[in-house]
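Please read this briefing alongside the sequence and the 3D view. The points are grouped by topic.

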Amino acid sequence: QTSEGAPAIVHCGPFANIAHGTSSVLAQRMGLHFADFVVNETGFAADLGAEKFFDLVMPMCGHVPSVAVVIVTLKALRAQGGADGAVNQGFPNLQRHLENLRRWGVPAVVALNRFPSDTTDELERVQAFCASLGVETALSEGYARGGDGMVDLADKVVAAAQTSRPEQVTPLYELTLPLEAKIREIATRVYGAEGVTFKPAARTRLRPFENLG
């Protein structure tokens, strides 16, 4: 449990860069059995952890998310923006993650993590940008205030979940597609690549994976 008593299930959560990046299906089912809302961390952002959830885990187990939460910090936006470190320079990266989630058909809420050193002006700039995209933002102040600092986010996530249309949430590709076709879908639609070229050695490695199903 958390330090405030909220239940937490930590089971079989390997990093998304080497595996599916989510908790086990067993943990998800236990959570859904015991609680009205279950939050599943799919790490490494909407282009890796979330992608693997929507395209691999969801079709296998049938758990369809009602809403996605994108966690944003000013520090991350500055780092993604490049040399001058301006917050707004990182907005294209944030926009891409939100667009990716729209591709899967799930509504998104931005959790803007607020730290004591953050300036109000920069936080408001991020909120205005998200509003221009039609995305709700909530200041997430769990770092400094614990659960009391997360109430606004929780309220907005619940509201978004209640407007969700699960029938519109779909994977990027059909499970029956060849692996090369799946890779092309992810590379072009999620990462923005113009195309994919496979070396002979890569094709050779893909064949036994396809034979294994």
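D152 and K156 form a salt bridge, with their closest N and O atoms 3.6 Å apart; a salt bridge here is a side-chain nitrogen of Lys or Arg within 4 Å of a carboxyl oxygen of Asp or Glu. The model is predicted: local features need pLDDT of at least 70, side-chain atom pairs count only at pLDDT 80 or more, and totals for chains, interfaces and linings use all residues. Residues are numbered from 1 along each chain as its sequence is written, and side-chain values use heavy atoms, with hydrogens and water left out.

**Salt bridges**

- D152 and K156 both lie in helix α7 (residues 151-162), four residues apart, or about one turn of the helix. Helices (H or I, at least four residues) and strands (E, at least two) are DSSP runs, numbered from the N terminus.
- D152 has a relative accessible area of 35% and is therefore partly exposed, and K156 is partly exposed at 23%. Buried means under 20% relative accessible area, exposed means over 50%, and partly exposed lies in between (1.4 Å probe, protein chains only).
- D121 forms a salt bridge with R125, and the closest N and O atoms are 3.1 Å apart. About one helical turn separates D121 and R125, because they are four residues apart in helix α5 (residues 120-132).
- D121 counts as partly exposed at 48% relative accessibility, and R125 counts as partly exposed at 34%.
- R165 and E167 also meet through their side chains in a salt bridge (3.1 Å, N to O).
- R165 is partly exposed, with a relative accessible area of 47%, whereas E167 counts as exposed at 54%.
- The count of salt bridges by this rule comes to nine.

**Strands**

- Strand β1 (residues 68-72) pairs with β2 in the parallel sense over five bridges. Two strands pair if DSSP finds at least two bridges between them.
- V109 in β2 is the bridge partner of V69.
- β2 also pairs in the parallel sense with strand β3 (residues 136-140), over five bridges. A138 in β3 is the bridge partner of A111.
- β2 is mostly covered, as five of its six residues are buried.
- N113 lies in strand β2 (residues 108-113). Leaving aside neighbours within four places in sequence, N113 is in contact with I71, V72, T73, D118 and S140; contact means heavy atoms within 4.5 Å.
- N113 and F129 are 16 residues apart in sequence and 15 Å apart in space, C-alpha to C-alpha.

**Helix α1 and the segment before it**

- I9, L26, M30 and F34 make a nonpolar surface patch of about 430 Å². Patches are made of residues with over 30% relative accessible area and no salt bridge, joining like charges within 9 Å and nonpolar side chains (Val, Leu, Ile, Met, Phe, Trp, Tyr) within 5 Å. Accessible areas come from the Shrake-Rupley method with a 1.4 Å probe, and for residues only the protein chains shown count as cover.
- M30 lies in helix α1 (residues 25-34). M30 counts as partly exposed because its relative accessibility is 38%.
- S24 is found in the segment before α1, and at 10% relative accessibility S24 counts as buried.
- The side chains of S24 and H11 make a polar contact (2.6 Å). A polar contact is a pair of N or O atoms within 3.5 Å; within protein, one must be able to donate a hydrogen and the other to accept it, and residues adjacent in sequence count only if both atoms are side-chain atoms.
- Not counting residues up to four places away in sequence, S24 touches H11 and C12.
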